2 protein chains.
Amino acid sequence: MVKKQKYVYEWPRPGVTVDIALFTVAGTLQHLRLQVLLIERDEEPWRGMWALPGGFVRENEDLEGAARRELQEETGIQGAWLEQVTAVGTPGRDTRGHIITVVYMGLTAGDRHHLAPRGDARAARWFEVSALPKLAFDHALLLDHAVTHLRRRLDEAPICFELLPERFTLSELQALTEAILGRPLDRRNFRRKVAHLGFISEAEGTRREGRHRPAQLYRFVPQAFMEHAERQKAVPF
Amino acid sequence: MVKKQKYVYEWPRPGVTVDIALFTVAGTLQHLRLQVLLIERDEEPWRGMWALPGGFVRENEDLEGAARRELQEETGIQGAWLEQVTAVGTPGRDTRGHIITVVYMGLTAGDRHHLAPRGDARAARWFEVSALPKLAFDHALLLDHAVTHLRRRLDEAPICFELLPERFTLSELQALTEAILGRPLDRRNFRRKVAHLGFISEAEGTRREGRHRPAQLYRFVPQAFMEHAERQKAVPF
DNA sequence: GCAAAAGTGTTGAAGGTACACCCATGT
DNA sequence: ACATGGGTGTACCTTCAACACTTTTGC
């Protein structure tokens, strides 16, 4: 019998960070714009520049957990919906050395939180995605990946329920979707698609908002959404 | 003016690995099976168990470069087509400590290489995806992600040209696709779709293989494929 | 009665699926 | 002549895009 031996192996240790592109939508219903949350760095390198919130993954910390923690620490935001986008580790992307980042993308209602920059962040602000400042590191590239990912997901299904109150109108849902995709959608086609997906159900009551017909309210049905996600998966061998 | 100061910052250093699920297809044309390349570990932990090839990312090494290097070192295979699948960093997934892995997926023609296990690998072998041994670490989960990714991509377009000789018949391309997707496809529909995508063009000559009509040969047109990939991307703001 | 947003159906195009027969060859 | 895989067309259905008028309300 071979005796179980203790082994010692030292491996290279690049840094690992998470960066979060957290999106929201702001403006009036007829003129919503997609915005992304940026922080002004209070640390070198790139001190004073705008960047995606993010930071180093701690020992024994889950990747998504790290993303949530950094978001909370640097901006005060909790409870957003997050999805992993990709990992990027091109040498030279960070002047501090070899640092690999895992990019997360998320959505939240901007006005539900008030921004509380702390830690590495001197300031935190929402920026229109169409009017960004120059970004630190390769964050312009990471953001580009995140926007592409978000749009691809949203093309499949309107997953922007995070941005809405519990009960919402179909016009609101459509305006949001349009703002994120950056193009107008046909109202009738949109309603048919959403109804067919079955993620929403009629809620009690209507909303009167101006001198016009009140709108039916709807509610997101998380369970139907989950079932839809399950159905997307491939069959195992 | 604030004088530019030198800063010192030490960050936590989880390990970063890449793991590669490299697929091929083997068997006769009428009975192809999807296979994945595994190595038998020659190092603790999990010594003697089968695992995905992979290993630590070196200082200042690109992620995909690391995947290619590990694949070459552990199995002798070079020049496969690779795509990133996801990053996984669940605490406890590796007994050596906090180790984050970036999973790559790839395709190559198994019989174009002969396997030359070295380094951490005591052996390297192709296994049927439908008859896998128990895998080290959480590699069963990683492999599952990779298969799902592969099938989703292949559903969109037959990207398995890596598995074919320079000139191939449509029946070969179809048999491959069927083996990977794990379900049969209608011949006429398949041909129409492939022709419509425009990735292939007729090549000179035919192939006579048995006592039946010879098949037209085709050739992959990388440029048409690239243009298709470009078209998939979303519009910038 | 008019302004303003809510709500609703139909048609045509494109893409996907299902299905059956003839063709070229070797034996 | 027959066995074997190569090669082709058509009908149906589903999905998506385009398009305009009526309804309900506040003023």
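**DNA strand D and the two protein chains**

Around DNA strand D there are 20 residues, of which A:R211, B:S171, B:R187, B:H212 and B:Q216 come nearest. Near here means that a heavy atom of the residue lies within 4 Å of the strand. Sugar and phosphate make up 39% of the atoms of DNA strand D that come within 4 Å of the protein. This is a predicted model, in which local features need pLDDT of at least 70, side-chain atom pairs count only at pLDDT 80 or more, and totals for chains, interfaces and linings use all residues. Residues are numbered from 1 along each chain as its sequence is written, chains are lettered from A and ligands numbered from 1 in the order in which they are written, and side-chain values use heavy atoms, with hydrogens and water left out.

By class it holds 11 charged, 6 polar and 3 nonpolar residues. (Asp, Glu, Lys and Arg count as charged; Ala, Val, Leu, Ile, Met, Phe, Trp, Tyr, Cys and Pro as nonpolar; the others, Gly among them, as polar.) Three elements each supply at least two residues: α4 (187–197) of chain A, and α4 (187–197) and β10 (215–220) of chain B. α4(B) gives the most, with 4 residues. Helices (H or I, at least four residues) and strands (E, at least two) are DSSP runs, numbered from the N terminus.

Some atoms reach the bases. The side chain of A:R188 has an N or O atom 3.2 Å from a base nitrogen of DNA strand D. In B:R188, a side-chain N or O atom is 3.4 Å from a base oxygen. A:R213 uses its backbone: an N or O atom there lies 2.9 Å from a base oxygen.

Turn to the protein pair. A rotation of 180° with 0.0 Å of shift along its axis superposes chain B on chain A, with RMSD 0.1 Å. The two copies are thus related as by a two-fold rotation axis. In chain B, B:R13 comes closest to the axis, at 2.7 Å (C-alpha).

The interface follows. Here 45 residues of chain B are in contact with 45 residues of chain A, contact meaning heavy atoms within 4.5 Å. The area buried between the chains is about 3,800 Å², 63% of it from carbon and sulfur atoms. Buried area is the accessible area (1.4 Å probe) that the two parts lose on being put together, summed over both.

Note on methods:
A polar contact is a pair of N or O atoms within 3.5 Å; within protein, one must be able to donate a hydrogen and the other to accept it, and residues adjacent in sequence count only if both atoms are side-chain atoms. Copies are superposed by least squares on the C-alpha atoms of residues with pLDDT of at least 70 in both.
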